[in-house]
Amino acid sequence: MTQVSQKNVKEEQKHGGQAIVDVLKKEGVTKVFGVPGESYLNVLDALYEENEIDFISARQEGGASFMAEGYAKSAGEVGVCTATRGPGATNLSIGLHTAQQDSTPLVALIGQVERPYRDREAFQEVDFVSFFRDLCKWTVEIDDADRIPEILHRAFHVARSGRPGPVLVSLPEDMQDDIVTRDTHGPIKLTTVCPDKNAVQEVAKELKNAKKPVIIAGGGVILSQATQELVSLAEAMQIPVATAFRRFHAFPNSHPNYIGALGLGARKALSEYIQDSDLVLALGTKFSQMTTNDYSIINEQNSRLIHVDISSDVLGRVYTPSSPIVSDVKEFLIELLHVIEPEDNSDRQKNVAEANEKYTRFSTPELTDNTEYANMKSVIHYIQNELPKNTVITSDAGNFFSWISRYFRYDEGGTYVGPTSGAMGYGMPSAIGAKVAHPDKTVISISGDGGFMMTPQEFETAVRYDIPIISIVVNNNMYGTIHTHQEAKFPGRVVGTKLTNPNFAEYANNFGGHGERVEKNEDIASAFERAIASEVPALIEVMTDPTILSANQES
């Protein structure tokens with residue numbers, strides 16, 4: 001009996017790698033994105049035995065972190081990515097910076113050199129805790145295998161609580177071999193951050209007394225799933241709503257109270273409307289440089305600011321609010337809807353109608369024939385009108401973004417996934433993550449030729465795992481945004497922004513996907529139809545006029 005008992009105990013023993021995967025299971029993780037490496041073989045081996053978690057192997061760590069970040073945004077869950085030490089971890093860093101600026105919950109598991117070799121500049125050694133401190137919400141190294149459950153569960157809690165963000169966990173290779181002798185921790189339950197009820201009463205009074213109020217809806221509206229409550233508030237109080245930079249779907253864009261998106265390509269009239277408002281209600285936004293047009297969006301001498309955010313660190317960081325409220329946005333709106341009295345104010349309604357009419361006119365494309373090139377207005381028009389309304393759009397940075405920002409309207413569950421950090425190369429890998437999160441939805445990435453070529457190898461990942469995204473590559477053979485800046489600041493002195501490219505359609509075909517090249521507007525519909533019918537990862541190369549680098553140039 002003693003021998004049998006000892007045998008059972010031995011069989012139940014878990015090494016560090018198994019303990020790590022056990023935590024992932026308890027946290028509800030079903031997808032892990034990464035590039036395999038020798039410094040975390042124990043974790044990979046434990047995943048081999050695990051049927052509930054899929055490991056999606058990318059071609060480069062930056063692509064893996066973008067996939068995990070896009071997955072987290074789309075699924076509303078903590079994304080998980082992995083990498084080996086040194087070069088693998090530093091490649092991964094771009095996705096962590098993106099998650100930090102986007103407030104995306106992410107946990108990165110990084111293999112590390114063996115504990116006895118630390119601080120000797122061992123092979124591929126980097127001090128991850130200090131290196132990633134400014135890129136992450138929290139960085140930690142686990143030196144004791146017995147502390148894996150404690151620290152890793154805490155990592156997930158930190159990633160998803162308060163203002164969400166990325167957490168990096170460093171895992172020394174030899175620590176993963178150690179036997180875990182105790183497991184006393186589990187997932188940490190999130191508590192809801194509710195507003196002070198007296199403060200809500202004051203907000204209701206301020207909204208009622210304001211002559212020209214406006215609402216800025218940020219990522220906190222999306223994260224707390226508060227769009228419907230925001231719609232109810234806007235309708236009841238006759239208040240127009242603008243969305244923060246790349247937070248388009250925080251409010252339905254076809255709603256009569258919507259007045260446009262802030263950030264790159266925003267109308268000057270929209271910024272002026274907000275500057276002229278006497279009361280700004282900011283919901284779940286950190287007032288980024290892009291949202292605020294270089295921190296100029298609010299006239300602090302004439303406007304009062306009510307700023308609601310789940311993180312106290314955000315309040316007062318850019319503008320000093322007259323009413324700072326620490327709360328989950330949804331909980332705040334629920335409380336506010338209980339105490340407000342609906343408005344019937346002709347002046348307010350006139351302001352809303354005029355602002356919405358200007359947005360509608362600005363965002364409605366005038367389609368024109370162009371026999372020499374295809375144009376992005378026609379591409380966006382096709383996606384908007386012919387594809388399912390819940391289509392997910394992902395993109396990275398580039399001049400092509402101005403067409404998305406200006407013309408695409410997010411309604412009926414349509415979602416935008418893009419980096420407020422402006423990371424190039426994000427669009428296609430994030431689409432893979434979004435499609436993994438929503439296999440039933442149409443997922444389209446839009447990238448420029450410059451951005452696409454920063455992570456093009458991940459198209460093979462989509463093919464290998466049969467993830468049928470549609471990737472649009474807007475090809476003008478240049479780094480268009482930087483080219484524009486150069487011409488504006490140093491006319492005629494363009495340096496380093498001209499590019500040459502392969503035939504992207506053939507590139508997709510060579511990997512086993514489906515490729516199309518579109519050179520004229522009349523070919524757009526048939527190219528999309530063939531791409532969708534292929535039921536494999538598809539790429540549509542759109543040849544655009546290199547002299548037109550912005551949607552606003554066409555006006």
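Residues are numbered from 1 along each chain as its sequence is written. In this predicted model, local features require pLDDT of at least 70 and side-chain atom pairs pLDDT 80 or more, while totals for chains, interfaces and linings use all residues, and side-chain values rest on heavy atoms, without hydrogens and water.

Rings of Phe, Tyr and Trp (its six-membered ring) were paired if their centres lie within 6.5 Å, with planes under 30 degrees apart counted as stacked, over 60 as edge-to-face and the rest as tilted. By this rule, 18 aromatic pairs were found. The pair of Phe 248 and Tyr 416 is edge-to-face, because the ring centres are 5.1 Å apart and the planes stand at 85°. Phe 248 belongs to the loop between strand S10 (241-243) and strand S11 (258-261), and Tyr 416 to strand S16 (residues 415-417), so the pair ties together parts that are 168 residues apart in sequence. Helices (H or I, at least four residues) and strands (E, at least two) are DSSP runs, numbered from the N terminus. Phe 248 is buried at a relative accessible area of 2%, and Tyr 416 is buried at 3%; buried denotes under 20% relative accessible area, exposed over 50% and partly exposed in between (1.4 Å probe, protein chains only).

Phe 452 and Phe 504 also form an edge-to-face pair, since their ring centres are 5.6 Å apart and their planes at 85°. This pair ties together parts that are 52 residues apart in sequence, because Phe 452 lies in helix H17 (residues 449-452) and Phe 504 in helix H20 (residues 504-510). Phe 452 is buried at 1% relative accessibility, and Phe 504 is buried at 0%.

One aromatic cluster comprises Phe 245, Phe 248, Phe 401, Phe 408, Tyr 410 and Tyr 416. A charge was taken to sit over a ring if NZ of Lys or CZ of Arg is within 6 Å of the ring centre and within 35 degrees of the ring normal. Arg 246 lies over the face of Phe 401, a member of this cluster, at 4.0 Å from the ring centre. The charged end of Arg 267 sits over the ring of Phe 362, 5.8 Å from its centre.

On a 1 Å grid over the protein atoms alone, a cavity is a set of points where a 1.4 Å probe fits but cannot get out, and a pocket is an open set with protein on both sides within 12 Å along at least five of seven lines; lining residues have an atom within 4 Å of a point. Grid points are joined across faces, edges and corners, and a volume is the space filled by probe spheres set on the points. The structure holds one cavity of 30 Å³ or more, and the largest cavity has a volume of about 130 Å³. Of its 15 lining residues, Ala 261, Tyr 359, Phe 362, Ser 405 and Arg 406 are the closest to its centre. At least two lining residues each come from S11, helix H13 (346-363) and helix H15 (401-407).

The second largest pocket has a volume of about 830 Å³. Among its 42 lining residues, Gly 398, Asn 399, Phe 400, Thr 481 and Leu 549 lie nearest its centre. Helix H14 (376-386), H15, H17 and helix H19 (480-489) give two or more residues to this lining, and H19 gives the most, with five.
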